Amino acid sequence: MRTQVAIIGGGPSGLLLSQLLHRKGIDTVVLERKTRDYVLGRIRAGVLETGMVVLMREAGVSARLDAESFVHDGVIISYADEKFDINFKELTGTSVVVYGQTEVTRDLYDAREAMGGKIVFNTENVQIHAAESDAPYVTYRVAGTEHRIDCDYVAGCDGFHGVSRKTIPSTVRREYEKIYPFGWLGILSETPPVNDELIYVNSDRGFALCSMRNANLSRYYIQCSMSDSPEDWTDEAFWDELKHRLPSAEAEKLITGPSIEKSNAPLRSFVTEPMRWGRLFLCGDAAHIVPPTGAKGLNTAASDIHYLYHGLIQMFETGDSEGIDRYSEKALARVWKAERFSWWMTNLLHRFPDQNAFDLKMQRAEIEFLRSNRQAQAVLAQNYVGLPY
Ligand code: RFL
Ligand code: PHB
């Protein structure tokens, strides 16, 4: 088989790139290790920056997003039973929208299928060959049969545990990593959200987050131990702990119910450089991970796709390689800023096992400064709504 761009990974990064390129007449094949249902079963991001929404419109997949997403003009920060609002609209003139990654991915799968896009599921042993040459190819197995795709370029959109990053020789690759000493336990429940805006909580018992998907679907997270598994937490134990962390007014009005999903995510900051090796380009979680505190993971994947898509179009349409040559540099410049913001939000809001009394005072001073200083709020708001592409 031959295609112009072989895309490894059928998560949001790979599907969005495939859809955008298809609309410009560029042929792609997406190789996904799991099934469509498996990918759609993962509950992940909920907050989309305007840049990502614009990209979904450009990809022609925004009908449901435009009709069903919820505009959020701000978030609430809470500490020690106090709370204050960061008003994005006032501070930056823009907002974010709440629309689940599951829905983004579903819309992209539906569009790819409607346009006859080639997506191969259940691929095993995907390998990228000759990425440094002018004739790269990808081999893989499905149900015991070996296949080969010859292509012009390979997009590595296969997430943190994929093969693409590891294809770049370790002599070329530089990796930067920080693992946080806790995780997030998240639940989804068919209950009305406790508040219209998201609430990020710094409590003595650890971080908590109140988020949502729609008027009757809530998403809550609590900071937990790295070694906790979702089975260690009954729904009752989760709700009880969440109530202890929320401001008392919200704890009182919280409506609880059975969880329909419960999962634990480790918190990690990670960047690999460069994001290009020959004709292989890394995008999204394959190249970088942020702790979810700043809601930046999916949004940073989207900005990678924006740069790569424009670079590939420039190359295919005019033969000019400037865009793809500068892909790694442009993407990384934005990635590192998202890393900084996510790291800062994580430090501001979590309890760390080695924090001493001084560290706690510093954290409190930082939050109180944020509460009282409009410029500090504007910095948070600019980063949260998304830095320009
Ligand atoms: P994905 O979503 O991991 O998709 C990669 C796909 O590649 C497949 N794959 C392979 N396919 C073929 N061959 C192989 N060898 C393969 N290896 C892997 C996988 O099966 C998968 O389908 O990466 P992608 O597309 O780059 O998307 C990144 C986002 O998923 C991620 O950044 C966000 O979910 C992060 N994130 C958030 N981001 C936001 O922007 N806003 C948020 O509010 C937000 N909240 C979150 C989050 C992530 C979370 N978790 C669980 C880590 C909340 C949580 C709890
Ligand atoms: C979510 O709704 O899943 C969500 C929202 C904001 C975050 C992380 C996750 O910072």
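A crossing of two helices is called left-handed if the near helix is turned anticlockwise from the far one by less than a right angle. I begin with this term since one pair of helices in today's structure calls for it. The structure is a predicted model.

The pair in question is helix 12, residues 327–349, and helix 14, residues 374–385. Their axes come within 10 Å of each other and cross at roughly 125 degrees. As for the hand of the crossing, helix 12 passes helix 14 in the left-handed sense.

Let me turn to the ligands, starting with ligand 1. This ligand is surrounded by 33 residues, and the closest are S13, E32, Q101, D285 and L298. Which secondary-structure elements supply at least two residues each to the shell around ligand 1? They are helix 1, residues 12–22, and helix 10, residues 297–318. Helix 10 gives the most, with three residues. Sorted by class, the shell around ligand 1 holds 14 nonpolar, 11 polar and eight charged residues.

Several individual contacts of ligand 1 deserve a look on the screen. A polar side-chain atom of R42 is placed 2.9 Å from an oxygen atom of ligand 1. The backbone takes part as well: a polar backbone atom of P12 is 3.3 Å from an oxygen atom of the ligand, and a polar backbone atom of G297 is 3.2 Å from a nitrogen atom of ligand 1. On its own, ligand 1 has 1,000 Å² of accessible area, and the protein covers 90% of it.

Ligand 2 comes next. Here the shell has 14 residues, with Y200, S211, R213, Y221 and P292 as the closest. By class, eight of the shell residues are nonpolar, three are polar and three are charged. In S211, a side-chain N or O atom is 2.6 Å from an oxygen atom of ligand 2. P292 contributes through its backbone, where an N or O atom lies 2.7 Å from an oxygen atom of the ligand. Taken alone, ligand 2 exposes 280 Å², of which the protein buries 97%.

The elements that give two or more residues to the shell around ligand 2 are strands: strand 14 (198–202), strand 15 (208–214) and strand 16 (217–224). Strand 15 gives the most, with three residues.

I close with some details of the backbone. Where does the chain contain a cis peptide bond? The bond from E273 to P274 is cis, and its omega is near -5 degrees. P274 belongs to the loop between strand 17 (259–273) and strand 18 (276–277).

The remaining details concern phi. D81, which is not a glycine, has a positive phi near 65 degrees. D81 sits in the loop between strand 5 (74–79) and strand 6 (82–87). N125 also has a positive phi, of about 50 degrees, although it is not a glycine. N125 is placed in strand 9, residues 124–129.

Thank you for your attention.

Terms used: Residues numbered from 1 in each chain as written. Chains lettered and ligands numbered in written order. Predicted model: local features only at pLDDT ≥ 70, side-chain atom pairs only at ≥ 80, totals over all residues. Heavy atoms only, no water. Near = heavy atom within 4 Å. Polar contact = N/O pair within 3.5 Å; in protein donor to acceptor, adjacent residues only side chain to side chain. Areas by Shrake-Rupley, 256 points an atom, 1.4 Å probe, with all protein chains shown as cover. Helix = DSSP H or I, 4+ residues; strand = E, 2+ residues; numbered from the N terminus. Nonpolar A, V, L, I, M, F, W, Y, C, P; charged D, E, K, R; others polar. Axes fitted to C-alpha atoms, helices over the stretch in contact; angles between N-to-C directions.
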